Amino acid sequence: MIRLSKVFSDFMVIQRESALNTIWGYTDPGKNVSVVLLNSELGEEVFGSTAFGGDDGYFEVPLPEFPAGGNFRLTVSDDDGEITFSDITFGDVFVCGGQSNMELPLARTLERYEDEIVSTYNENIRFFRVPEKYNFHHTEEMIESGNWKIARMPELLEFGAVAYFTAREISEREGVTVGIINTAIGGTPVKSWCSEETMNSLGLHTKEYEECKNDEWVSNTIKTEAEADMNWRSDADQAFEKDLTGNPSGSFSVPGFFEGTPLGGKCLAVHFKKEFTIPEGWLEDDCKLYLGAIIDSDKVYVNGQFVGETGYLYPPRIYKVPKSVLKEGKNTVEIRLLVFRGEGGFMPGKEYRIKRPDGETISLEGEWEYTIAKEMPFIPNLTFYSYKATGVYNCMIYPLRRQRCRGFFFYQGESNVDDYSTYKDEFEAVIKDWRKLWNDETLPYMFVQIAGFSDGNRKAYYGRRSLFTEEQRKCTELPNTALIQAYDLGEFNDLHPTNKKEVGRRAALAAEALVYGRGTYIPGPEKKEIIRKEEGAEVIFGEDTKLILSHGIGVITDDERDEKNIRGFAYISEGKSYPAEGEFVADNRILVKLPKDVNVEAVCYAWSDCPLESNLYSEDRLPVVPFYERL
């Protein structure tokens, strides 16, 4: 009986113009296998060949080179039966990996891109999502589930947003079908994506990997933690069903964190309530309820009717509220909020409102009444074994190695910010591992810089993110690599910013150079030299550089924009960062003004956890590369 990897399916994209494509799988040892490729439009066979199953049943049939395009039907058969796939085409295939910002689906970006997403039907963009799986004993040969999909509703909502917008840009630029194999898992550190051999050679995480080979221990840990988590949530949910009269209560101003209030530093099941008034004639259709981002978990009711829930802190809370649930006059919104680890709150800078389809809103900011249903014990984070070293590499990268591709896109790093000192070694090892698997040391490897984020603290500060992204930048010392800048596309209060369209545009620019050989990729204007002067420090960029004042698209409000003054420079004195003014000396030269009575140790640009104020760009809207230089 024939067994094929699920990467073979209807709507599959096979790499064009490659002599290394194969149709492969397993049958019974020694059994004859036939492979036929049929042009669906002409009804003609364009390729046919046979192979025999080896001692383990493995067979492999090389395909000849095919140009881009076409609509084909693939049939693989043996004496026991056949498997047929339709709507197969040839194009450019890219493997996309990483953590949550690569995994994040288009569904999470609907508030920004709804009109263009819901109207999309594009057979030139196709997507295969590799299912999450790990194995700490050995590599696996097959992808056991999944299928290719074309860009159309509703399947489109499952596409990774960065991968989709990148594919769309490339497809439009190159006039070719683009197939994306997305193999990302939220939260995974870089160690998840490299081989056991590499980990051993680096001398990193080896003990962890060996521990994870104990299946009984892994299984018991998962079971024990899942039961504890379920019991904790059940206990908290039951607390809301009791009479809360006499329980500790008060008011809290939304948005804001609980720190410094009677709710701070506690794990809680806490009930929030707010009344709002709908004026006469205002209610015309179903509405949406926006509750920002709540830390950590919520169940929400409007006028006693359940409208939605989210089990963890990251996703934006946007719940549909039917017109029948609302009424003119007084209405009530209630939240059953769970705080897992003593750091609860309502994320600042997010929307808290009721919104009509035409955009009219009623604010829900301000004072909310609260009553503590129950103080809960601290509950540790669950152990996610997909975060452990090498496990997902064995199941989600290794089985893809026979699928030819034009290159890799990678968006990862948020889980490694605290471990930046070893990141360069680990990530370079990942790049080399993947290229080795595909037996091509020149395959382009393009990776996205992590976006700005400062844990809800609007005032950006000198911190760890810049140290980490500098390690990312150093990885471009490997040949055929590119760093795609995204620090300016972040959001101070969201680890998962939604401006993925601009990330895709910049990623496609990297591919234009590294994959398609048109020009040299430039991530943004780079500092060439700093000259100390009496008035301060003159920062010199490339001779052909023309700097302009702009901003990342949609990451700050209009009243925060500054396109008259240069922003983003700072100086370091006694280990602290202070803003510095800058002025143009020429199109490619900036004078950073420095105090004369202070010992200035260094000058930097965009060197903070969330440098959204930085506003220097090239004419083609690429941000200046961050730097930190001692004087």
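**Notes on helix packing, cores and buried residues**

1. Let's start where two helices touch. In H3, the residues Ala161, Val162, Phe165, Thr166, Arg168, Glu169, Ile170 and Arg173 meet Lys500, Lys501, Val503, Gly504, Arg505, Ala507, Ala508, Leu509, Ala511 and Glu512 of H10. Contact here means heavy atoms within 4.5 Å. By class, the residues of this contact are nine nonpolar, two polar and seven charged. Ala, Val, Leu, Ile, Met, Phe, Trp, Tyr, Cys and Pro count as nonpolar, Asp, Glu, Lys and Arg as charged, and the others, Gly among them, as polar.

2. A word on the model before going on. It is a predicted one, where local features need pLDDT of at least 70 and side-chain atom pairs count only at pLDDT 80 or more, while totals for chains, interfaces and linings use all residues. Residues are numbered from 1 along each chain as its sequence is written, and side-chain values use heavy atoms, with hydrogens and water left out. Helices (H or I, at least four residues) and strands (E, at least two) are DSSP runs, numbered from the N terminus.

3. How do H3 and H10 pack? Helix H3 (residues 161–174) and helix H10 (residues 500–514) have axes 7 Å apart, at an angle of about 50°. Axes are lines fitted to C-alpha atoms, for helices over the stretch in contact, and angles run from 0 to 180 degrees between N-to-C directions. H3 and H10 are therefore oblique to each other. Angles under 35 degrees count as roughly parallel, over 145 as roughly antiparallel, 65 to 115 as roughly perpendicular and the rest as oblique.

4. Now compare the pair H8 and H9. The axes of H8 and helix H9 (residues 464–474) cross at roughly 25° and come within 9 Å. That makes H8 roughly parallel to H9. From H8, Tyr420, Tyr423, Lys424 and Glu428 meet Leu467, Phe468, Glu471, Gln472 and Lys474 of H9. This contact of H8 with H9 has four nonpolar, one polar and four charged residues.

5. Which residues have the most contacts inside the largest nonpolar core? They are Phe427 and Trp434, in a core of 68 residues. Helix H8 (residues 420–437) gives the largest share of this core, six residues. A nonpolar core is a set of buried Ala, Val, Leu, Ile, Met, Phe, Trp, Tyr and Cys residues joined through side-chain atoms within 4.5 Å. Buried means under 20% relative accessible area, exposed over 50%, partly exposed in between (1.4 Å probe, protein chains only).

6. Look at Trp434 next. Not counting residues up to four places away in sequence, Trp434 touches Val95, Gly97, Trp193, Tyr393, Ile397, Phe408, Phe410 and Tyr445. Another core, of 43 residues, lies apart from the largest one, and Phe94, Ile117, Leu156 and Phe409 are among its members.

7. Is Val592 buried or exposed? Val592 counts as buried, at 0% relative accessibility. Val592 is found in strand E33 (residues 589–593). Leaving aside neighbours within four places in sequence, Val592 has contacts including Glu535, Val539, Phe569 and Val603.

8. Phe240 belongs to helix H6 (residues 215–240) and is buried, with a relative accessible area of 7%. Glu208 is in helix H5 (residues 206–212) and counts as buried at 16% relative accessibility. Beyond neighbours within four places in sequence, Glu208 is in contact with Lys191, Lys388 and Ala389.
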